[in-house]
Amino acid sequence: MLGHEPMYPKSRHVGDSLDADKANRDKLQKLLVSKSVKVFIGAHTHYATVNTVGGIYHVDAGVSGQKTVDGEDPYTSFFYTHVDNSGKLVLTWKHDNSNSWSNPTVKTYTVS
């Protein structure tokens, strides 16, 4: 599932994203769990993180270009999902400090 604001921001915009109204955020989380959502991808904070809450991977997508404000990630990130040969959903996070993409940092998470 995609959204603009993260449900559980870790750095910037804590308290003014979907966590601003924790009761409503928690209702949304409960709905996502009930519908077997595996990944929620938000952005807005320009600070990339991945964490799990209630079995759902919550992604804050970071920045896709150059850092412009203190507190933003100094590197470009992108996230994608795919289904591997065994039928498991995989979340991949790539980021690169040089923006050359010659040697990106890659983290993978097996979701299901």
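Which residues is Trp93 in contact with, leaving aside its neighbours within four places in sequence? The legend to View 1 answers this, after a note that applies to every view. This is a predicted model, in which local features need pLDDT of at least 70, side-chain atom pairs count only at pLDDT 80 or more, and totals for chains, interfaces and linings use all residues. Residues are numbered from 1 along each chain as its sequence is written, and side-chain values use heavy atoms, with hydrogens and water left out.

**View 1. Surroundings of Trp93 and the largest nonpolar core.**
Leaving aside neighbours within four places in sequence, Trp93 is in contact (heavy atoms within 4.5 Å) with Ala48, Thr49, Val50, Tyr75, Ser77, Phe78, Phe79, Thr105, Val106, Lys107 and Tyr109. Trp93 is also listed among the residues with the most contacts inside the largest nonpolar core, together with Val39, Val50, Tyr57, Val59, Phe79 and Leu91. That core has 13 residues. A nonpolar core is a set of buried Ala, Val, Leu, Ile, Met, Phe, Trp, Tyr and Cys residues joined through side-chain atoms within 4.5 Å. Buried means under 20% relative accessible area, exposed means over 50%, and partly exposed lies in between (1.4 Å probe, protein chains only). Elements E1, E3 and E5 give two or more residues to this core, and E5 gives the most, with three. Apart from it lies another core, of six residues, among them Tyr8, Leu32, Val37 and Ile56. In soluble globular proteins, nonpolar side chains tend to be buried together.

**View 2. The three-stranded open sheet E1-E3-E2.**
Helices (H or I, at least four residues) and strands (E, at least two) are DSSP runs, numbered from the N terminus. Two strands pair if DSSP finds at least two bridges between them. In this open sheet the strand order is E1-E3-E2 and the pairing is mixed. Strands E1 (39-42) and E2 (49-53) lie at the edges, each pairing on one side only. On average, neighbouring strands are turned by 20° against each other, direction ignored. Helix H1 (residues 22-34) packs on the sheet and touches E1, E2 and E3. The direction of H1 makes about 125° with that of E3; axes are lines fitted to C-alpha atoms, for helices over the stretch in contact, and angles run from 0 to 180 degrees between N-to-C directions. E2 and E3 (residues 56-60) run antiparallel and are joined by five bridges. Within E3, Tyr57 stands opposite Thr52.

**View 3. Thr49 in strand E2.**
Thr49 is buried, with a relative accessible area of 12%. Not counting residues up to four places away in sequence, Thr49 touches Lys10, His58, Val59, Asp60, Phe79 and Trp93.

Leaving aside neighbours within four places in sequence, the contacts of Gln29 are Met7, Tyr8, Val53, Gly54, Ile56 and His58. Arg25 is buried at 11% relative accessible area, whereas Asp26 is partly exposed at 39%.

**View 4. Strands E4, E5 and E6.**
E4 and E5 run antiparallel and are joined by eight bridges. They form a hairpin with five residues between them, and Gly87 in the turn has a positive phi of about 90°. Tyr80 has Thr92 in E5 as its bridge partner, and the bridge partner of Thr92 in E6 is Thr108. E5 and E6 also pair in the antiparallel sense, over six bridges. Seven of the eight residues of E5 are buried, so this strand is largely enclosed by the rest of the structure.

**View 5. The aromatic pair Phe78 and Trp101.**
Rings of Phe, Tyr and Trp (its six-membered ring) pair if their centres lie within 6.5 Å; planes under 30 degrees apart count as stacked, over 60 as edge-to-face and the rest as tilted. By this rule the count comes to four aromatic pairs. Phe78 and Trp101 form a tilted pair, 5.2 Å centre to centre with 55° between the planes. This pair links distant parts of the chain, 23 residues apart: Phe78 is in strand E4 (residues 76-83), and Trp101 is in the loop between E5 (89-96) and E6 (105-110). Phe78 is partly exposed at 37%, and Trp101 is partly exposed at 31%. Phe78, Tyr80 and Trp101 form one aromatic cluster.
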